[in-house]
Amino acid sequence: MLGSREFLELKIAFLMAGFKIKDATLKRWLKKYGEKDIHMNAKLMSKSDKKKPIDNPEAWMETALKDGFAKSSRCRGTL
């Protein structure tokens with residue numbers, strides 16, 4: 001049975017697979033930013049991509065994590 005952390009990592013991997021994010025990059029982000037931040041930003045990236053396709057998902061996510069897109073007050077209601 002999966003624990004909550006493993007389940008969240010699996011959800012993140014599923015979301016990122018559609019954007020062709022490399023496993024090594026995802027592991028680096030997990031180590032640096034943690035599961036919750038990545039999951040929130042992955043959901044935001046998925047929603048953003050539906051409105052307008054994201055040309056460089058890896059760069060988008062890197063910026064989102066560094067700048068805290070999902071933590072901003074503007075985005076909290078959209079997740």
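## Surroundings of Ile 12

Ile 12 touches Leu 26, Leu 30, Glu 35, Ile 38 and His 39, leaving aside residues up to four places away in sequence. The model is a predicted one. Ile 12 itself belongs to helix α1, which covers residues 4–17.

The relative accessibility of Ile 12 is 0%, so Ile 12 counts as buried. Between Ile 12 and Met 40 the C-alpha to C-alpha separation is 9.2 Å, although the two are 28 residues apart in sequence.

Side chains of opposite charge can pair when their charged atoms come close. The count of salt bridges here is 2.

One of them joins the side chains of Arg 28 and Glu 62, at 3.4 Å from N to O. This pair links distant parts of the chain, 34 residues apart: Arg 28 sits in helix α2 (residues 23–33) and Glu 62 in helix α4 (residues 57–67). Arg 28 has a relative accessible area of 40% and is therefore partly exposed. Glu 62, with a relative accessible area of 15%, is buried, because buried means under 20%.

## Salt bridge Lys 71 to Asp 37

Lys 71 and Asp 37 also meet through their side chains in a salt bridge, with an N to O distance of 3.3 Å. Lys 71 is in the loop between α4 and α5 (73–76) and Asp 37 is in helix α3 (residues 35–51), so the pair ties together parts that are 34 residues apart in sequence.

Lys 71 is partly exposed, at 45% relative accessible area. Asp 37 has a relative accessibility of 18% and so counts as buried.

Key:
Residues are numbered from 1 along each chain as its sequence is written. This is a predicted model: local features need pLDDT of at least 70, side-chain atom pairs count only at pLDDT 80 or more; totals for chains, interfaces and linings use all residues. Side-chain values use heavy atoms; hydrogens and water are left out. A salt bridge is a side-chain nitrogen of Lys or Arg within 4 Å of a carboxyl oxygen of Asp or Glu. Helices (H or I, at least four residues) and strands (E, at least two) are DSSP runs, numbered from the N terminus. Buried means under 20% relative accessible area, exposed over 50%, partly exposed in between (1.4 Å probe, protein chains only). Contact means heavy atoms within 4.5 Å.
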